[in-house]
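Subject: Structure handover

Hello,

Here is the structure I promised to pass on. Please have a look at it first; my notes follow below.

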Amino acid sequence: MVEKGADLAGNKYYYFRPSLGTRPRRILKQNPRIPYSDIAIPVQWHQWLRYTRPAPPSMQELQIDVQRKAQLKQLAAAADARWASKPSVLDAPRRRNQEVGVGDGEGRVGVLGRKGESADGGDGVGGKRLEEGVKGEDVRDSWGEGKKGRGENPWIKERPKAAGEGFQPGSWQPPGAA
């Protein structure tokens with residue numbers, strides 16, 4: 001058996017040729033001080049053992065990989081902290097009148113919570129509820145733009161009718177009955 005190297009945990013890697021005309025076998029001899037259940041084979045050595053890597057890894061390469069993993073853990077922890085600091089849709093609403101998923105709750109004028117209620121807690125822009133308004137009266141919409149009276153809502157579209165939606169059956173009489 002020829003020793004090809006060792007990893008940072010003290011495991012040793014060997015290769016030998018069992019007989020002429022066969023390819024060499026690559027094996028691992030574990031560190032006897034490490035319990036069998038705690039052995040972690042580095043990816044680079046695993047590749048060498050399975051013949052997906054022709055040359056065994058160097059100690060420098062293994063040390064760089066350990067540093068890369070530590071840096072990756074720090075970056076993942078920072079990303080988790082950023083995600084945890086952002087508000088979630090699953091969080092409880094911040095105001096009693098705010099519905100989940102409607103508006104952002106930041107108190108900006110024009111962002112609606114419930115129907116006809118602005119985010120500032122008042123009754124809409126300019127002191128008027130948005131759904132109220134008499135024809136010809138100047139009422140502001142949710143973007144603060146003026147419009148006259150209470151016209152049709154451009155966002156509500158009529159649902160297309162199906163072919164048999166308006167069908168009403170007539171009375172049935174058996175044939176020959178008159």
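Strands β1 (residues 2-6) and β2 (residues 12-16) run antiparallel and are joined by four bridges. Strands count as paired if DSSP finds at least two bridges between them. Gly5 faces Tyr13 in β2. The two strands form a hairpin, with five residues between them. Gly10, in the turn, has a positive phi of about 95°.

β2 also pairs with strand β3 (residues 25-29), again antiparallel, over five bridges. Here Tyr15 has Arg26 in β3 as its bridge partner.

This is a predicted model: local features need pLDDT of at least 70, side-chain atom pairs count only at pLDDT 80 or more, and totals for chains, interfaces and linings use all residues. Residues are numbered from 1 along each chain as its sequence is written, and side-chain values use heavy atoms, with hydrogens and water left out.

Overall, the protein chain has two helices and five strands. Their order is β-β-β-α-α-β-β. Helices (H or I, at least four residues) and strands (E, at least two) are DSSP runs, numbered from the N terminus.

Of the 178 residues, 17% count as buried. Buried means under 20% relative accessible area, exposed over 50%, and partly exposed in between (1.4 Å probe, protein chains only).

Met59 lies in helix α2 (residues 59-85). Met59 is partly exposed, because its relative accessible area is 38%.

Best wishes
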